[in-house]
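Here is a short briefing on a structure that may be new to you. Please look over the sequence and the model first, then read the points by topic.

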Amino acid sequence: MASLDELVAALPSATLQQVAQLMFDNHCSSVVIVDDLKTKKAAGLITSSDIVAAFAKSMDGNTTLAKDVMTVNVTSVPHNSPKDIVSEKLMKEKRHHIFVVDDHKNVVGIISSLDIVVESALDAKAWPYTREGLKSYFK
């Protein structure tokens, strides 16, 4: 999970080119669109999939603004949610990113599907299969 201090953020007036550059420079797959870079109050989210979709629609990365392609109603979970609830919500809503919110509904972080995979891989109880056992699925 990326905490509020670690979030890669841009203003709604940023171009898609600038957002894509932020993703590239920070090795991330999403940028939180914020009303203010100091407070980082979230206004929306742009993912690498949103960038690909915009370019596939022939949108100009130098003139199209973040506010024109960002997802506004981003799925969220309370900050005290267990991993299985977060995983279930990501699967159910077919999302790769989910906001983590505090008791006042302020975004305090973001979790990606990769974060869930990493946590699961580190948790021996969540990965009960041996390498040999997995091979049987691919025969």
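His27 is exposed, with a relative accessible area of 75%. The model is a predicted one. His27 sits in the loop that links α1 (16-26) to β3 (30-34).

- Most residues other than glycine have a negative phi.
- His27 has a phi near 55 degrees, a positive value in a residue other than glycine.
- Lys94 also has a positive phi, near 50 degrees, and is not a glycine.
- Lys94 belongs to the loop between α4 (83-92) and β6 (97-101).
- Lys94 counts as exposed, because its relative accessibility is 71% and the cut-off for exposed is over 50%.

**The sheet with β3**

- Which strands form this open sheet, and in what order? The sheet has 3 strands in the order β2-β3-β4, with mixed pairing.
- The edges are held by β2 (9-10) and β4. Each has a single partner strand, so one side of each is left without a neighbour in the sheet.
- β3 and β4 run antiparallel and are joined by 5 bridges.
- Within this pair, Val31 stands opposite Ile46 in β4.

**The sheet with β6**

- Another open sheet is made of 4 strands, in the order β1-β7-β6-β5. Its pairing is mixed.
- Its edge strands are β1 (2-3) and β5, and each pairs on one side only.
- β6 runs antiparallel to β7 (residues 107-112), and 5 bridges join the two.
- Phe99 stands opposite Ile110 in β7.
- α4 lies across β5, β6 and β7. The helix runs at about 135 degrees to β6.

**Nonpolar cores**

- In soluble globular proteins, nonpolar side chains tend to be buried together.
- The largest nonpolar core here has 15 residues. Val19, Val31, Ile33 and Ile46 are those with the most contacts inside it.
- Two or more residues of this core come from each of α1, β3, β4 (42-47), α2 (48-56) and α3.
- Which element gives the largest share of this core? The answer is α1, with 3 residues.
- What does Val31 touch, not counting residues up to four places away in sequence? Its contacts are Val8, Ala9, Ala10, Val19, Leu22, Met23, Gly44, Leu45 and Ile46.

**A buried threonine**

- Thr75 is found in the loop between α3 (66-69) and β5 (76-78).
- Is Thr75 buried or exposed? Thr75 is buried, because its relative accessible area is 11% and the cut-off for buried is under 20%.
- The side chains of Thr75 and Glu93 are joined by a polar contact of 2.6 Å.
- Leaving aside neighbours within four places in sequence, Thr75 is in contact with Lys89, Glu93, Arg95, Ile98 and Phe99.

Methods: Residues are numbered from 1 along each chain as its sequence is written. This is a predicted model: local features need pLDDT of at least 70, side-chain atom pairs count only at pLDDT 80 or more; totals for chains, interfaces and linings use all residues. Side-chain values use heavy atoms; hydrogens and water are left out. Buried means under 20% relative accessible area, exposed over 50%, partly exposed in between (1.4 Å probe, protein chains only). A polar contact is a pair of N or O atoms within 3.5 Å; within protein, one must be able to donate a hydrogen and the other to accept it, and residues adjacent in sequence count only if both atoms are side-chain atoms. Contact means heavy atoms within 4.5 Å. Two strands pair if DSSP finds at least two bridges between them. Axes are lines fitted to C-alpha atoms, for helices over the stretch in contact, and angles run from 0 to 180 degrees between N-to-C directions. A nonpolar core is a set of buried Ala, Val, Leu, Ile, Met, Phe, Trp, Tyr and Cys residues joined through side-chain atoms within 4.5 Å.
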